[in-house]
Each structure stands twice: as structure tokens, then as C-alpha cells.
Amino acid sequence: MANLIDRGQLQDLVARGAQLVEVLSAKEYEEDHLPGARSIPLPDINRESAASLDPHRPVIVYCWDSA
Amino acid sequence: MAPRAAARLELLGFTDVSHYKAGKLDWMAAGLPTEGENAARPRAGTVARKDVPVCSLTDRVGDVRDRARAARWDAAVAVDPNRIVLGLLRAGELAKDADMLIEQAMRPGPSTFRPYVPIKEMADYMTGHKLESSPVTTSDGKLVGLLLKSDAVKEAEGCPDCVRKMI
């Protein structure tokens, strides 16, 4: 089960090397995303796309809100 | 959506996955920078004036008026010690009796707007509702600045595509 984190915790984790992943559509990502985030839309999460992430570093996922 | 993404990544072998539950809206509502096509476009938070005078509920109208005038302002925002917006004083409120407490003189609980709102939308809203100024706050109510209608309209004229597609 993923850890639920807030904005402050996100900033701490990113400062320590966590990888940010926006799971919204590519279009929404192109318009606005958090600094340093990469785009992997939810339907596209698979072994291939996940291979672009470092499995040894924390991963943070986000979308628009708590949905 | 993000919880499912987190679950999927865990099934793919990632052992340290976190979910930023409040998401992009929370980030943008805090007035934090973003990257992307819209990042450089004006929004409520970027156009709002950060140097608006602030005061506390126990200040006197006369003192706040003097400070505001010295800074060439005819408005001030009443905030708590954490800069959470409690009230707004435009020219009419600042013209009240000098000995009156801000708590009695201010407009309590003014409408506030989040920093990410596109400037064209703000300009249209403020024009339609005859708002000369509005506080812009983070999602937890902290003052970012005071947005003047004149500034919003001017910026919107230079950015006709700054509309709701941004959020």
C-alpha cells in the first residue's frame, strides 16, 4: 500500500532523490506539471514504461487531486 | 487515479511508492511553480501585488490608513499571525473613523481566489462582479497578494488565450 504524503513530505522526498510521476494524460502533463516530474499516464503504466524509473529510489505518483 | 497507479507500480516491483494525495491542484493552489506550456502564462498569483499592506484585527484604522497611503495604497488586508486572510479594507473602509478597530471596520471574509486561476478568467469575473480588488490566497487561506482588476484586465488583454483550458 502506497504511503500517503502531503506537499511538505513530497518536497522533502524529492530533495532526497525521489522520482515524481504524473499519471494524468500527456496533454494535461504538457500544460502543467510539477517541476522535474515525468509523465506516465495511468493506462500506460507497464513493465516497459516503468523501466524508465529507478527501482532503487522512491517514487511519488500524483494526479489532479485525491481522486 | 493515482492510487491505482501506485498499486500498479507496486505490482511491478517498486517497493517505495508514495501518493501525493492532494495532487497538482494543491501544488498550484499553494502558488508553487510548475513546468509546461502554461507555466509562463499570467495567473492570479503571478499578477497579484505582493506588497499590499497587511494589518491585524487590533490595529486602528487611522494607523493602517497612514501606512497604506505612505506605500501609495488605498487598500489593506487584515490577516492573522500566519497571514491567513480575515478581512479586506478598500478605500471606503480605510476612510472610517481613525480610532475604529480594524475588526470593526473591515469587510470580513472576502471572496478569495487561488493563484492558478487564469488571468483572463479573473479579469472577466472581476469585471462582471464589479470587484476592484480581490485577495489571492493559497488553499490554506494564506495571503499571496491582492489582485487589482486594472492589472488583471491589462494582463488579460495581452494573453487572450489565458482561459480555463489551463486547469
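At what angle do helix α7 (residues 119-128) of chain B and helix α8 (residues 149-157) of chain B pack, and how far apart are their axes? This is a predicted model, in which local features need pLDDT of at least 70 and side-chain atom pairs count only at pLDDT 80 or more, while totals for chains, interfaces and linings use all residues. Residues are numbered from 1 along each chain as its sequence is written, and chains are lettered from A and ligands numbered from 1 in the order in which they are written.

The two helices pack at an angle of about 135 degrees, with their axes 8 Å apart; axes are lines fitted to C-alpha atoms, for helices over the stretch in contact, and angles run from 0 to 180 degrees between N-to-C directions. That angle makes α7(B) oblique to α8(B), given that angles under 35 degrees count as roughly parallel, over 145 as roughly antiparallel, 65 to 115 as roughly perpendicular and the rest as oblique. Among the residues that meet are B:Met122 and B:Met126 in α7(B) and B:Ala152 and B:Val153 in α8(B), where contact requires C-beta atoms, placed from the backbone, to lie within 7 Å. The residues of this contact divide into 7 nonpolar, 1 polar and 3 charged (Ala, Val, Leu, Ile, Met, Phe, Trp, Tyr, Cys and Pro count as nonpolar, Asp, Glu, Lys and Arg as charged, and the others, Gly among them, as polar).

Helices (H or I, at least four residues) and strands (E, at least two) are DSSP runs, numbered from the N terminus, and two strands pair if DSSP finds at least two bridges between them. The strand pairings are as follows.

| Strands | Sense | Bridges | One bridge pair |
|---|---|---|---|
| β4(A), residues 59-62, and β1(B) | parallel | 3 bridges | A:Val61 and B:His19 |
| β3(B), residues 76-79, and β4(B), residues 85-89 | antiparallel | 4 bridges | B:Val77 and B:Leu88 |

In β1(B), B:Val17 and B:His19 point one way and B:Ser18 and B:Tyr20 the other, and all are buried, that is, 20 or more other C-beta atoms lie within 10 Å of their own.

Between the chains, 33 residues of chain B are in contact with 30 residues of chain A. The largest share of the chain B side, 8 residues, comes from α1(B), and the residues of that side divide into 17 nonpolar, 7 polar and 9 charged.

Within chain B, 4 strands form an open sheet in the order β2-β3-β4-β5, with mixed pairing. There β2 (54-55) and β5 (107-108) stand at the edges, each with a single partner strand, so one side of each is left without a neighbour in the sheet.

Technical notes
Buried ≥ 20, exposed ≤ 12 C-beta atoms within 10 Å, placed from the backbone. Contact = placed C-beta atoms within 7 Å.
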